[in-house]
Amino acid sequence: MGGTAPALTVTDLTAGYGPVHALRRVSLTVPAGAVVTVLGGNGAGKSTLLRAVSRTLRFHGGAVVSGTVTAAGRPLDGLPPDRVVAAGVCQVPEGRQVFARMTVEDNLRAGGLARRGDRAAKAAALRRVHELFPVLAERSRQPAGLLSGGEQQMLAVGRALMAAPELLLLDEPSLGLAPLMAARIADAVREINAQGTAVLLVEQNAALALRLASHAYVLEVGEVTLSGPAAELAASDEVRRRYLGVVDAAAAEDAERARAAHPVLSRWDAEARVPARAPRRKETR
Amino acid sequence: MSTFAEFLINGLSLGSVYALIALGFVVIFRATEVVNFAHASLLLAGGYFVAVLHEPLGFWPALAAGVAGAAVVGAAVEFLVMRRHRGADHSVLAIVTIGVDILLATELTRRIGTDILALGDPWGDAVVTLGPVTIAETRIAALLAAGLLITAFLLAFRHTSWGVAMRAAAESQETAALMGVRLGRVSLGAWAVAGALAAVAALFLTVFPTPGLERGTSLAALKAFPAAILGGLDSTTGALAGGLIVGVVESLATGYQSDLAFLGRGIGDLAPYLVMVVVLLIRPAGLFGTKELARV
């Protein structure tokens, strides 16, 4: 634990699946105690990046070709996944992936498996998770498969916290969640970070991610194309247009006017609006 | 009525032994998603160790050595063969286990030859008489031992870290790895446990009234396959229920063979498979097998 050593340093990482390189010479840094986000569309290489860090590429037939990954000064290259967890880096997988047939309680136990011994520390970790997500305490005896999507995401995050990571990797935590639930998860991430855990957040919901992060990287077709403080990126035209779905003001006004000019019966509203809204929606993702 | 009670108790005893075998089978399947066709050979190996060692060592040390030996053989199969192919398709691995089975079975058959080996158990052909019901001591010992082992196993599966790791790996290997579960260890442990359980089962498959360990013992072990399958391949409860059902059905069918003569001879050996087919027709996932429980 080198005090000021970055929580994660990725240097010139190239990784891929067979002959396909999904990442090309990607470098990024997560400073200790920071929230850093990686933005990008489908297939940009975001998940590959996280898999390369957590050393689980082989489950998808992939491998790291070159480059290094260092967590808090310790190199992770070539380690098996369990040693990465032991080194303090834990990933919340995309799509939550809770153990559906196990109870909530056992899911959390599974998250703590990487830590050996020390019952007191495990009990403290469990208390922390229950404070963060009280619903998990209420439902501890239920099979995880019966939880709602949002609760499953809470469980997935809580499960990873059981390993008491110094760096939490989050893969699309807001995926498929209602906006209200996504906001609650965002609050939880903020809280976790405030308690001292660095976070690397991979998101398609750029607006949410840029609010959470202090620093952001934009990944496109396997390469970092933009990076900088989150606030700067959020203000840049490029990011606003491509990831925040903001079109220039004049066009938006036109669309509003067009809609106002054609009053329709409310029953047909949804359908009638489509032509006016289509150009706006195209850019939201 | 007393004959029926005897058949039933014998069936339960036999069934609990099948359950031991099926449990090992299910444990390997859950931990690695591989159908282990070499299971009958593991059993034969365990029985062979006991048979060879009981004279120099005495019965109980020989049994302990046999259990340990079968666990080591199981672990060795995992370590030397299965581990090299991890990541390969599960059906490919299942076929690999057939190859392992052929190797093990050939070597053991060569060693056993046409002999029938005694295991030197302390029960012999003694019987216990409870009123009108007469039961062999070996059957009672089998019932008790299997019951004890299965209870211990299920408790460990539910409550220990080993059990949590095993169940987590059974649901998703990748996610379990992300949580820091060591998949290699889980898989190694599953094979060792399966081997140990099979060795105990080998003992009770070869004691009175069976003459002893012979080449054909592994055929008896094969009846644990329908037990595991009708219970649902991925369910420990299913293995237990399946084992008992197969044991009782076999015992009753053999006992009342004369009344079932119109079905031809040897119905007792056939019955487990018939029950399996009937169960699968009604519940294709087996009695306790899981249908997908997932929210997308």
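Two strands count as paired if DSSP finds at least two bridges between them, and the strands themselves, like the helices, are DSSP runs numbered from the N terminus, with at least two residues (E) for a strand and at least four (H or I) for a helix. What we have here is a predicted model, in which local features need pLDDT of at least 70 and side-chain atom pairs count only at pLDDT 80 or more, while totals for chains, interfaces and linings use all residues. Residues are numbered from 1 along each chain as its sequence is written, and chains are lettered from A, with ligands numbered from 1, in the order in which they are written.

Let me start with chain A, which has 12 helices and 10 strands. Strand β1 of chain A, residues 8-17, and strand β4 of chain A, residues 62-71, pair in the antiparallel sense over 7 bridges, and within that strand β4(A) the bridge partner of T9(A) is T70(A). Both strands belong to an open sheet of 4 strands in chain A, ordered β2-β1-β4-β5 with antiparallel pairing. Its edge strands are β2 (20-30) and β5 (74-75) of chain A, each of which pairs on one side only.

Turning to chain B, helix α4, residues 90-112, has 23 residues and reaches 32 Å from its first C-alpha to its last, close to the 33 Å expected at 1.5 Å a residue, where the expected span is 1.5 Å times one less than the number of residues. Just after α4(B), G113(B) takes a positive phi of about 60°.
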